[in-house]
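Open the model and keep the sequence beside it. We will walk through the fold one piece at a time.

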Amino acid sequence: MRDGRFGEGRRTGKEMLSLNNVDEINQFLPEHSVGQANPNHPLRGVKDRVVYTSARGPLPSTRNENQARSSRYVPYEKYPVSGNMAIAGDMLVIVTMVGRTPVGVKIHNAEMGKAMKVIFEMVWDYTATLEPAKPRAQA
């Protein structure tokens with residue numbers, strides 16, 4: 001991860017799968033727009049699917065066709081996830097953004113990429129069974 005960018009300058013796959021704690025991302029990267037996809041992904045033909053949590057509740061929008069992004073919320077009270085994980089092809093990145101310095105690991109391995117994609121798909125499918133939460137008001 002050069003300068004904190006995942007897969008910068010290389011093709012990482014047609015789809016980015018992420019498990020995120022939105023509050024941690026916003027605390028560490030306050031300039032990052034809440035609930036917005038990486039603006040370079042649609043330009044490179046990459047679609048985003050995100051499962052996220054936030055102590056402040058769900059984001060107002062779960063799908064944005066212009067950004068090629070779909071997301072699903074899991075309640076923080078039930079799933080207090082800390083850290084963030086992204087899967088793209090055979091690349092897996094796990095990062096924690098708690099504290100002053102992010103700590104993470106990037107793994108390039110086809111079998112681990114496949115295994116984590118299966119786990120992501122299980123979570124994605126499970127989130128479809130949850131009752132929709134009321135979105136937080138836009139700021």
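Five bridges join S5 to strand S6 (residues 91–96), and the two strands run antiparallel. Strands here are DSSP runs of E with at least two residues, helices are runs of H or I with at least four, and both are numbered from the N terminus. Two strands count as paired if DSSP finds at least two bridges between them.

A word on the model. It is predicted, so local features need pLDDT of at least 70 and side-chain atom pairs count only at pLDDT 80 or more, while totals for chains, interfaces and linings use all residues. Residues are numbered from 1 along each chain as its sequence is written, and side-chain values use heavy atoms, with hydrogens and water left out.

Back to the hairpin. Two residues lie between S5 and S6, and Gly89 in the turn has a positive phi of about 60°. On the other strand pairing, S1 (residues 15–21) is joined to S5 by three bridges, again antiparallel. Follow Met85 in S5. It stands opposite Leu19 and also opposite Ile94 in S6.

How many residues of S5 (residues 84–88) are buried? Five of its five are. Buried means under 20% relative accessible area, exposed means over 50%, and partly exposed lies in between (1.4 Å probe, protein chains only). In a regular strand the side chains alternate between the two faces of the sheet. Here both faces of S5 are covered: Asn84, Ala86 and Ala88 are buried on one side, Met85 and Ile87 on the other.

Now look inside. The largest nonpolar core has 10 residues, among them Leu19, Met85, Ile87 and Trp124. Such a core is a set of buried Ala, Val, Leu, Ile, Met, Phe, Trp, Tyr and Cys residues joined through side-chain atoms within 4.5 Å. S1, S5 and H3 are the elements that give two or more residues to this core. H3 gives the most, with three.

Met91 is in strand S6. Met91 counts as buried because its relative accessible area is 2%. Its C-alpha atom is separated by 8.3 Å from that of Met112, 21 residues apart along the chain.

Next come the charges. The whole structure holds five salt bridges. A salt bridge is a side-chain nitrogen of Lys or Arg within 4 Å of a carboxyl oxygen of Asp or Glu. Glu121 and Arg49 form one, at 2.4 Å from N to O. This pair links distant parts of the chain: Glu121 is in helix H3 and Arg49 in strand S2, 72 residues apart. Glu121 is partly exposed, at 21%, and Arg49 is buried, at 14%.

Glu111 and Lys114 form another salt bridge, at 3.4 Å. Both lie in helix H3, three residues apart, about one turn of the helix. Glu111 is exposed at 53%, and Lys114 is exposed at 51%.

Asp23 and Arg56 pair too, with their closest N and O atoms 4.0 Å apart. Asp23 is in helix H1 (residues 22–28) and Arg56 in the loop between S2 and S3, 33 residues apart. Arg56 is exposed, with a relative accessible area of 52%.

That loop also holds Ser54. Is Ser54 buried or exposed? Ser54 is buried, because its relative accessible area is 0%. The Ser54 side chain reaches the backbone nitrogen of Arg56 at 3.1 Å.

Terms used: Polar contact = N/O pair within 3.5 Å; in protein donor to acceptor, adjacent residues only side chain to side chain.
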